[in-house]
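Thanks for coming, everyone. I want to walk through one structure today, with an eye on charges and chain contacts. Let me put it on the screen.

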Amino acid sequence: MVSPIEPINGKYKGKDIISLDQFSPKDISILFKKTVGMLLIAKNARPSDLLKGNIVTLIFYEPSSRTFGSFVAAVKQLGGSTVEILDPEHFSSVSKGESLEDTIRVFEAYCDVIVLRHPKKGATLKAAQAAGFVPVINAGDGIGEHPTQALLDLYTIYERTKKLDNLIGVLAGDMLNGRTIHSLIRGLSKFNGNKLYLLSPKELRLSREDLSSHMESGKLELVEIESEKDIPKNADFWYWTRVQKERFKSESAYEKVKNRFVLDNKLIKERAGKNTIFMHPLPRVGEILPEVDKNPNAVYLRSEIRNGMYIRMALLALILGKSK
Amino acid sequence: MVSPIEPINGKYKGKDIISLDQFSPKDISILFKKTVGMLLIAKNARPSDLLKGNIVTLIFYEPSSRTFGSFVAAVKQLGGSTVEILDPEHFSSVSKGESLEDTIRVFEAYCDVIVLRHPKKGATLKAAQAAGFVPVINAGDGIGEHPTQALLDLYTIYERTKKLDNLIGVLAGDMLNGRTIHSLIRGLSKFNGNKLYLLSPKELRLSREDLSSHMESGKLELVEIESEKDIPKNADFWYWTRVQKERFKSESAYEKVKNRFVLDNKLIKERAGKNTIFMHPLPRVGEILPEVDKNPNAVYLRSEIRNGMYIRMALLALILGKSK
Amino acid sequence: MVSPIEPINGKYKGKDIISLDQFSPKDISILFKKTVGMLLIAKNARPSDLLKGNIVTLIFYEPSSRTFGSFVAAVKQLGGSTVEILDPEHFSSVSKGESLEDTIRVFEAYCDVIVLRHPKKGATLKAAQAAGFVPVINAGDGIGEHPTQALLDLYTIYERTKKLDNLIGVLAGDMLNGRTIHSLIRGLSKFNGNKLYLLSPKELRLSREDLSSHMESGKLELVEIESEKDIPKNADFWYWTRVQKERFKSESAYEKVKNRFVLDNKLIKERAGKNTIFMHPLPRVGEILPEVDKNPNAVYLRSEIRNGMYIRMALLALILGKSK
């Protein structure tokens, strides 16, 4: 569409969704209200015909079963249809040397929205600029952005605490490389009075540049901590993440830090508040023990996953101008 | 769901379908009545909206185009929607080390039923135990079970003979390893007075343990034969199977037995009765000649395939509590 | 179905669509009228329920994201459902040695039409002969045919010029091997008074046999040219094609001819008429410069792609006997 990093500015219809930067606090509020409506449709009002007759094309240049499944389910919960193109680089046209721009211009002829996953940062912006008729939604572009993931994290916090300002949060894991960590910090920096404790091994701290750029907004307070003992007892949420093996040069460097911070019942008993919620973007590989799964404040398995679908339903409905 | 190998016991709604053992003769009768209704819908009453608004997620850890296509078609014949996840082990979350349990808990958030194909015996039971909200249907778990395949074989016999007891059947091929053979024997052992002739090379006979365990029920009579000459002339059905190459250590061992018993028009003329039906779970690779395909009693290509879809339609409708 | 290369002869319902040879000028006219109706549905009358309750099975033995996406979108634009089987040779049944005929007979049990893509010439005819109950549509069989591609090219010319006879056209690229070139020539030879200029390097000229067989009909005039200077100024359309790298033995032989003829604004200014339209079957790899994309007569990106979907919608509707 015309201007892919154009702010939403209260008007979702026809917009590309490429970056969290497009969303003002007001835009987030509109989206979250819509999301509540979607939750009600998914739970009580199926079959919905809100997207009946609409076609959403998913083009996934790299596999991501979760994001893929979530978007497909979002479309179908609302009675829409999908065209699913997986791994087009091994499909003939792309392998014959076709540009991303031409591929997008072909597929937009068949549908009303394109959902694009691509391994290269910036690819979805390029795609949105190429598309002349339909909006493009970024479903993750490498080390770039994955805006619907960030929005579902914000929504999950909002759903439980009823606010997005004056929050106290703990983020644990890899501050240096974690895309979801960076997105969450950026999302919360849009609101006033939030204070985040960043728990990580020294090797995986936020870079100095990232730290100062986040702090500059003046809206956010960041506190780096190195031990579970420094977790404040009154946090609204804990956001645990996997240390990503693929970021390390050697197995031993990875082994050294991978499960430095494990979320288990003991830690909850010692440091969590009564209403602290426990989040994780998944997949997990040991940094949250299964014993935590049954805790009513553990939202990582079901609430976050479902919220991801509801947020995507809301976004599709808004972009397609479905006001119901 | 709560108790995955819980017997159906007349109540299908919300049940996991993991094993043929869950089905009593009464349960099979309920299912077969429903199946007749499904056949009528597929033939005369489309579009059906019975599953409109329902989402069925198919997760196939190994490819099986036939079972996959049959389940997808079953859902769509009834107006439902699918989320299709193929080969998730090469999808990012699983390849990053996620457990089967977490994967299932993620995908159940998006749908009403999960249909799971997995190469490991017992995986679908594990999955059903992990799922907290939606039922899981076993679409084949390695050398374990494939209950809908067994049920469609029983239904095909029932459709033609109007009974599941006091039958005379011939099973040919690999008694030792054939999963469909074992399932059919187990299915028929639920009913009284059935007598099965097992035609196989010596090397591929039923194991002594299997033989005695089947006989113990006291309901079933098994007769091992080694030559076509011993086929009784009044059999209700012949169930031919492929000798599976992948079971043999050497090419020559396989070649020795692969087409020992070939179903052709000559054999039919010599040993089949007027109403004997000819079954095969497919694929075939030479053990039934194409000349047999036009025989009105050859049910392996069309009736069995269609019955597979009808049985799956019926099972989905029952599990989702659709009483129409 | 019964007779797979049976001419359409005004009666589409239930017919296999294997070859352009099945279509008379009258059949093409019926199809194009229907196509206009489909365009109106796609643009203004969604959701359409024309194919509601119908199931179309797509079996793609080789990847082709464009044709696949176009057919899937065509089905869904009309409210139908799909069963999508990609790469069945790596799916178990086929890899276990099943014949194409058995595979088709299995999948036809689940659906109302089969759309088949196969790398081997003649495979779709074989499939149509095997299918006993549902029609088969050829979505490309190797160096054989791809009738819906040819029809969408004809339709695009018709849409702009309102005729299919007395046309002047320029075809550029690989006359020797290009399947779309051959199809377009065959398509236009059904009508009177067409004159085609074939612009290609000497090495890639039409074979003498092909040339004389096309000329024999007496309806078509073919003129071989070697330089852009010989392009007539009053052409109705230019049909540019990619020189296919995979046809050449050596990289250097390919490099020598690959972009001999490049369609750019300069060439348009020098040789095109005011209403000449610019076509290309895509993908392109340099033989049309992006600067041409915005020319209102450049129909290769959007019109041709959309027309492909409309033609497939029309064909599906006609074959399934939907007269609306």
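Start with a side chain in chain B. A polar atom of the Gln22(B) side chain sits 3.0 Å from the backbone oxygen of Glu6(B). Before I go further, a caution: this is a predicted model. Keep that in mind throughout.

Where is Gln22(B)? Look in the segment before H1 of chain B. Gln22(B) is buried, because its relative accessible area is 2% and the cut-off for buried is under 20%.

Now move to Asp27(B). That residue is in helix H1 of chain B. Gln22(B) is one of the residues that Asp27(B) touches, leaving aside residues up to four places away in sequence.

Asp293(B) forms a salt bridge with Arg284(B), and their closest N and O atoms are 2.9 Å apart. Are these two buried or exposed? Asp293(B) counts as buried, at 19% relative accessibility. The cut-off is under 20%, so Asp293(B) falls on the buried side. Arg284(B) is buried too, with a relative accessible area of 7%.

Go to chain C. Arg284(C) and Asp293(C) form a salt bridge, with closest N and O atoms 2.9 Å apart. Both Arg284(C) and Asp293(C) are buried. This pair belongs to a network. Salt bridges with shared partners join Arg284(C) and Asp293(C) with Asp102(A) and Arg105(A). Note the letters there: the network has residues from chain C and from chain A.

How many salt bridges are there over all chains? The count comes to 50.

**Chain B against chain A**

For chain B and chain A, the buried area is about 2,500 Å². Carbon and sulfur atoms give 57% of that. The contact involves 27 residues of chain B and 26 residues of chain A.

Five salt bridges are counted between chain B and chain A. Arg284(A) and Asp102(B) form a salt bridge, with closest N and O atoms 2.7 Å apart.

Which elements of chain B supply at least two residues each to the side that touches chain A? Strand E2 (81-86), helix H3 (92-95) and helix H4 (100-107). E2(B) gives the largest share, five residues. By class, that side of chain B has 10 nonpolar, nine polar and eight charged residues.

**Chain C against chain B**

Now chain C and chain B. Here the contact takes 27 residues from chain C and 26 residues from chain B. The buried area is about 2,500 Å², and carbon and sulfur atoms give 56%.

Five salt bridges are counted between chain C and chain B. Six residue pairs are in polar contact, both at pLDDT 80 or more. On the side of chain C that touches chain B, strand E2 (81-86), helix H3 (92-95) and helix H4 (100-107) of chain C give two or more residues. E2(C) gives the most, with five. The classes on that side are 10 nonpolar, nine polar and eight charged residues.

Let me finish with a pair that crosses between these chains. Asp49(B) and Lys52(C) meet in a salt bridge through their side chains, at 3.4 Å, N to O. Where do they sit? Asp49(B) is in the loop between helix H1 (25-44) and strand E1 (55-60) of chain B. Lys52(C) is in the loop between helix H1 (25-44) and strand E1 (55-60) of chain C.

Asp49(B) is partly exposed, with a relative accessible area of 37%. Lys52(C) is partly exposed as well, at 29%.

How values were computed: Residues are numbered from 1 along each chain as its sequence is written. Chains are lettered from A and ligands numbered from 1 in the order in which they are written. This is a predicted model: local features need pLDDT of at least 70, side-chain atom pairs count only at pLDDT 80 or more; totals for chains, interfaces and linings use all residues. Side-chain values use heavy atoms; hydrogens and water are left out. Contact means heavy atoms within 4.5 Å. Buried area is the accessible area (1.4 Å probe) that two parts lose on being put together, summed over both. A salt bridge is a side-chain nitrogen of Lys or Arg within 4 Å of a carboxyl oxygen of Asp or Glu. A polar contact is a pair of N or O atoms within 3.5 Å; within protein, one must be able to donate a hydrogen and the other to accept it, and residues adjacent in sequence count only if both atoms are side-chain atoms. Helices (H or I, at least four residues) and strands (E, at least two) are DSSP runs, numbered from the N terminus. Ala, Val, Leu, Ile, Met, Phe, Trp, Tyr, Cys and Pro count as nonpolar, Asp, Glu, Lys and Arg as charged, and the others, Gly among them, as polar. Buried means under 20% relative accessible area, exposed over 50%, partly exposed in between (1.4 Å probe, protein chains only).
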